[in-house]
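User: I am new to this structure and would like to learn how to read its main features. Please take them one at a time.

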Amino acid sequence: MIRTALVIAAKDLRLLMRDKAAFFFTFVFPMVYGIMFGFMFSGGGGSVSVNVLAFDEDGTEASAAFIEALDAREQIRITRLEDPLQGPEMVRRGDASVFLLVPEGFGEALDAPIIGGSLRLGGSIDPTASMTLGLVQGLTAQTLFELLGERFAEPELARGMVQRSQETLATADTDPATKFLLGAVFSNIEQLINNAEADAQGDGGDTTTEDEDGGSPLANLFELDLQEVTVHGDRPANAFEITMPQAGAWALMGCLFGFATSLVQERSKGTMPRLLASPITPKAVLTGKATGCFVSAVLVQVFLLVVGWLFLDVRVPSILTAAMAVSAAAAGFVGIMMVLAALGRSEAGTEGMGRAVMLILALSGGAAVPMDFLNIEWLQKVSYISPFRWSILATEGALWRAYSPAEMLLPCGVLIAIGIVGFVIGAKLFEFQGAGDR
Amino acid sequence: MLKIDQVTKSFGEVQALRGLSMHVQKGELYGLLGPNGAGKSTTMALTVGLLEPDSGTVTVNGTGSPEDPAVRAHIGLAPQSLSLYDEMSATENMMFFGQIQGLERRPLKARVGELLERVGLESRASERIQGYSGGMKRRLNLAVALLHSPPLLLLDEPTAGVDPQSRNALFELIRELREGGHTIVYCTHYMEEAQRLCDRVAIIDEGAMLAEGTVDALIEEHGGHSMIQIERASGVEKIETAEPMAEMAKHALAPETLGLRLDRPDLEAVFLRLTGRSLRD
């Protein structure tokens, strides 16, 4: 019987590949859905906007200006916190990838660069968000230097900064050689400011000053010290981690209809009597159909996960849980396919009835709008009867939710139960109908 | 080879077969005729095990009931509806159904090539059959039924909707099969086909056997007399007679006779006489 089932499965997979509509809805549409909506949720696929948490411990005009300047950047959205302890916790929960702490003394350091201490920022980061770290580092440094640049562009402000630095230097507990060198640097900067001012007034003068090392005296001015926090696996790292499980659910629906319709076609086109007139049992025919559906459902889900993992930064932390999710979701939808195929007496009937029911289940199960966004109590309750909810949950569990195998048992168990019940009901219906065409 | 004994079968209120019995001998080409709703399809379905009789028995090749998959291996079915996958080629269709019959790939491949050549499809074997003509599909439909060399062949309307060339080719093939020792049950609406091909014919209606025998015997028993048409200037006279030659000789010499025509009874006459002339839908 296994050989026969495999022969039927291979034939059905071949037919699926040759049926342009079925192929589209099984393989192409889910991929387009996953990628398109992933880019849409990521901000249209153009500029990336990173949510950064910020707490201003310094509370000075300079620190407030810094945070405001950072927030004004297109690539960063600042969420100001009331309590610095919220930051690491929110990063841990996955609400944001980065928390910036603007420490006390920041404004003083900005007003007295070099001597006032380095511009040091603290905070926390999700260690998996390496690209985000680079982006935040770059934009933070750029913002700081722009603020400093603005101060040097205003002679009065710049002169004040130098004077405050000179005053600080005078009372600082620093060795005499360093004091002498820094004093010379500040004198030169003051001279530079005076020349620039005179130049601006048309006096000409020497405006070029070069550091003898060829390096910038501001090179070590900025330091971003972010502590890595362990993120609980309960937040997606990017939009694709939401849309690819949804794409998987749509792919399962494509498989389901492809095979349910093919089973109905076996009857309407007369191939079913020929199959049943051969020395095989009706059970073997149904097992073959179910095997074909299962294999294609697994293939398309694996395909989506591999594409997501390779190209879209979708995390697959465990092959075991991914295999559990893929197999269970495939099994569940095979069961539904069996019932649908047994109930449908024509291709049009199966398509019409099936799509009506399955679309409602898909929409209520989070295949279009993620369940976390559907904050409607009754809809959340209804979603429990949707196989889409469980298949998406199982896939998310294998991805960003990072479920343990034990945690996977609930969604996978529900899906397998749906599969078994569906297969039994479908097989009984076929038996009752006399293998579908007696 | 095929023994149907006192079989009854009902679908709800409708009694499709009422104690039907027939016995098809080995190597025989047996015609099964009947108007729409006579019970032909039900008989075919019972013979391949798609249906179970309410009472009575169906035995194939002396081995048992066709409900047993092993017994069905003795049967080749060419259904009336073209039971093929349009999106697959002729070779792919045959390889699939051959594997379903339990044949191994290597000998099956050789068998597929041989049969495709036999039905004249070898040059287009790798094309998807959705581009085939009705006749080509019919020939392939028959070839699929022959894959496992079954001793009993059930051909349900094997020439429906085909051109004269394909029909002729099918007749040739069916004759060859009979000469090769196959037992064939030939279900058709075309009386001339049954008359031309079949060794024996059964006419059934309303689920019961009306008549069974060789074509000649059936004509003799149920065909009635020959009809002579005498054409004169005053009109055409029709005379039914048991002695057509003598009657024709008598009228041939009469000066007012312009022409004569003899209509001998045929299977169609037998069929209409037994099943009536009322329309069946």
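User: What share of the contacts in chain A with a separation of 6 or more comes from residues 24 or more positions apart?

Analyst: Some conventions come before the number. This is a predicted model, in which local features need pLDDT of at least 70, side-chain atom pairs count only at pLDDT 80 or more, and totals for chains, interfaces and linings use all residues. Residues are numbered from 1 along each chain as its sequence is written, while chains are lettered from A and ligands numbered from 1 in the order in which they are written. Two residues are in contact if their C-beta atoms, placed from the backbone, lie within 7 Å. In chain A, residues 24 or more positions apart make up 80% of the contacts with a separation of 6 or more.

User: Which secondary structure does chain A have, and how much of the chain is buried?

Analyst: Helices (H or I, at least four residues) and strands (E, at least two) are DSSP runs, numbered from the N terminus. Chain A has 16 helices and six strands. A residue is buried if 20 or more other C-beta atoms lie within 10 Å of its own, exposed if 12 or fewer, and partly exposed in between, with C-beta atoms placed from the backbone. By that count, 43% of the 438 residues of chain A are buried.

User: Which residues touch the most other members of the largest nonpolar core?

Analyst: In soluble globular proteins, nonpolar side chains tend to be buried together. A nonpolar core here is a set of buried Ala, Val, Leu, Ile, Met, Phe, Trp, Tyr and Cys residues joined through C-beta atoms within 7 Å. The largest has 151 residues, and those touching the most other members are A:Leu256, A:Ala325, A:Phe333, A:Val334, A:Met337, A:Ala394 and B:Tyr186. Helix 12 (residues 319–343) of chain A gives the most to this core, 17 residues. Another core, of 24 residues, lies apart from it and includes A:Leu53 and A:Phe99.

User: Why does the length of helix 13 of chain A agree with what it should span?

Analyst: The expected span of a helix is 1.5 Å times one less than its number of residues. The 18 residues of helix 13 (residues 347–364) of chain A should therefore span 26 Å, and its end C-alpha atoms are 25 Å apart, which agrees. Among its buried residues are A:Thr350, A:Gly354, A:Met358 and A:Leu361. The buried residues of helix 13 pack against helix 9 (240–268), helix 12, helix 14 (377–382) and helix 15 (387–398) of chain A. Just after helix 13, A:Gly366 has a positive phi of about 90 degrees.

User: Where is A:Ala402 placed, and is it buried or partly exposed?

Analyst: Most residues other than glycine have a negative phi, and most peptide bonds are trans. A:Ala402 is not a glycine, yet its phi is positive, about 50 degrees. It sits in the loop between helix 15 and helix 16 (405–432) of chain A. A:Ala402 counts as partly exposed because it has 18 C-beta neighbours inside 10 Å.

User: What is the strand order of the open sheet in chain B?

Analyst: Strands of a sheet pair through backbone hydrogen bonds, either parallel or antiparallel. Two strands count as paired if DSSP finds at least two bridges between them. The open sheet of three strands in chain B has the order 2-1-4, with antiparallel pairing. Strand 2 (14–24) and strand 4 (55–60) of chain B are the edge strands, each pairing on one side only. Strand 1 (residues 2–11) of chain B is joined to strand 4 by five bridges, and B:Thr8 stands opposite B:Ser55 in strand 4.
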